[in-house]
Every structure is written in structure tokens, then in C-alpha cells.
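Hi,

Here is the structure I promised to pass on to you. Have a look at it first, and then read on for what I found in it.

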Amino acid sequence: MKSYVSLAAPASAEIEVKRSRFLAVVAPVSSEEAARAVIDGARREHWDARHHCSAFVLGPTSSIARSSDDGEPSGTAGAPMLEVLRGAGLTDTVAVVTRWFGGTLLGAGGLVRAYGDAVRAALDVSTLKRFELVFEVALRVSHADAGRLESDLRGRGVRVLDVAYDSAVTLLVGVPEVDQLAGLVAELTAGTVTPVSTGQRWLGSSL
């Protein structure tokens with residue numbers, strides 16, 4: 001995987017079905033621990049509710065997925081919530097739906113629709129973020145040339161991640177392919193700067 005989509009920030013929405021209230025919260029998370037912290041937070045904040053159903057998907061390849069019906073009939077809450085997250089192509093995302101019972105039984109089909117619709121409503125007001133796997137490359141350049149090189153790189157669409165100053169200036173950039181950067185740097189510096197690969201990281205940008 002070279003890219004994946006998650007949320008840029010938490011979001012929430014509420015729907016009502018036959019007087020039952022369904023409050024959905026969706027949030028970006030990077031681990032099971034973080035996902036369970038969001039779920040536990042909903043339990044503490046809305047202690048008076050009967051159910052706090054949840055689902056989350058984690059990892060660039062969506063390799064970890066969990067769901068909980070939290071007392072609702074099996075398969076009527078967590079599973080449909082999880083399917084909404086997967087259907088939206090999201091990972092590193094948790095959804096919690098808190099339900100206040102309104103006095104009318106909804107039946108299995110009604111619950112499946114309500115929990116799924118609640119998550120969809122929260123996603124509808126969410127901002128998405130795409131993460132791309134890039135190579136980190138360090139460029140060490142003189143103080144006199146650093147500003148011009150940084151400006152030229154940004155002008156060519158290269159992401160400058162960090163700038164460090166000591167006896168020289170080190171520009172840390174993020175690129176999809178190291179070879180393409182090497183040619184560009186050679187062109188911009190007349191071959192006086194040698195790119196040095198330092199690792200990889202996921203970089204996010206809003207959709």
C-alpha cells in the first residue's frame with residue numbers, strides 16, 4: 001500500500017428513529033488502544049445511554065477490524081457500522097454509536113439501518129485525509145544556496161518536511177520516488193548536492 005484514507009478530525013451526528021436517539025462519533029485513531037479510548041470516552045460522557053456500539057479499522061491495509069454490538073442483538077450494530085467504514089474506504093478510524101432507547105422496538109432490520117445510517121451521517125460531515133508513503137531524503141546545502149533550493153523544490157511540488165541549520169543547512173524532503181528527486185536536485189544544484197535517503201513515513205493531506 002502506498003496510500004490510504006482516514007479522517008482529518010473527529011466528527012459527530014445524531015439521528016432519531018421511532019424516538020430512539022442514535023449519536024454517532026467518528027474519529028481518526030492510530031492504534032487499538034486509541035480506538036478503545038474513544039469508545040470508553042463515549043461511555044463516560046453518555047453514561048445514561050443503554051448502548052455504546054462500536055467499530056474500528058486500523059492499518060494502511062485495513063488489516064485490523066473490530067466491532068461490538070454492546071448488548072444489541074448479534075450482528076445488528078457493530079457489523080453494519082464496520083461495513084459503512086469499509087464501504088467508505090477508510091482505515092485508522094473508529095466509530096461509536098450511543099443509543100438512547102425510545103420505547104419502541106426497531107427489530108433486527110431497523111437496528112441495522114439505524115446504526116449504519118448514524119455512522120453515514122457522521123461521515124457526511126467529516127473531512128477526509130489521504131496519507132501517502134514517501135521516502136525521506138536529506139539534502140545538505142550551503143547557507144547561501146539553501147533559500148533558493150528550498151524555493152525551487154517547493155515550486156516543483158516537492159514537500160519540504162524540515163529545515164535544520166548548523167554549519168550548513170539540511171533540507172528534509174518527502175518524495176514518492178528517490179530516483180526522480182536525484183535528477184531534479186542535480187539539475188537545480190549543478191550536481192553539487194547529493195540526496196541521502198533517511199527512511200520512510202506516511203504524510204497526510206486533506207481531500
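The side chains of Thr-98 and His-52 are joined by a polar contact of 3.0 Å. This comes from a predicted model, as does everything below. Thr-98 belongs to strand 6, which covers residues 93-100. With a relative accessible area of 2%, Thr-98 is buried. If we set aside its neighbours within four places in sequence, the residues in contact with Thr-98 are Arg-21, Phe-22, Leu-23, Ala-42, His-46, Ala-49, His-51 and His-52.

Next, helix 5, made up of residues 178-189. Which residues of helix 5 are buried? They are Leu-181, Leu-184, Val-185, Leu-188 and Thr-189. Because these residues cover an arc of only 110 degrees around the axis, they sit on the same side of helix 5. Their packing partners are strand 7 (128-141), helix 4 (143-155) and strand 9 (169-175). On the face turned away from that buried side you will find the exposed residues Asp-179, Gln-180 and Glu-187. After helix 5 comes Ala-190, which has a positive phi, near 55 degrees.

Now to the charged pairs. The count of salt bridges comes to 14. One of them is formed by the side chains of Lys-2 and Glu-177, at 3.7 Å from N to O. This pair links distant parts of the chain, 175 residues apart: Lys-2 lies in the segment before strand 1 (3-7), and Glu-177 in the loop between strand 9 and helix 5. Lys-2 counts as exposed, at 60% relative accessibility, while Glu-177 is partly exposed, at 35%.

Two other salt bridges lie within helices. In helix 3 (residues 107-124), Asp-117 and Arg-120 are three residues apart, about one turn of the helix, and their closest N and O atoms are 2.9 Å apart. Asp-117 is partly exposed at 36% relative accessibility, and Arg-120 is partly exposed at 40%. In helix 4, Arg-154 and Glu-150 are four residues apart, so about one helical turn separates them. The closest N and O atoms of their salt bridge are 3.0 Å apart. Here Arg-154 counts as partly exposed, at 45%, whereas Glu-150 counts as buried, at 19%.

Finally, have a look at Glu-32, Arg-36 and Arg-66, which are linked in a network of salt bridges.

Best wishes

Notes. Residues are numbered from 1 along each chain as its sequence is written. This is a predicted model: local features need pLDDT of at least 70, side-chain atom pairs count only at pLDDT 80 or more; totals for chains, interfaces and linings use all residues. Side-chain values use heavy atoms; hydrogens and water are left out. Buried means under 20% relative accessible area, exposed over 50%, partly exposed in between (1.4 Å probe, protein chains only). A polar contact is a pair of N or O atoms within 3.5 Å; within protein, one must be able to donate a hydrogen and the other to accept it, and residues adjacent in sequence count only if both atoms are side-chain atoms. Contact means heavy atoms within 4.5 Å. The expected span of a helix is 1.5 Å times one less than its number of residues. The arc is that of the directions from the helix axis to the C-beta atoms. A salt bridge is a side-chain nitrogen of Lys or Arg within 4 Å of a carboxyl oxygen of Asp or Glu.
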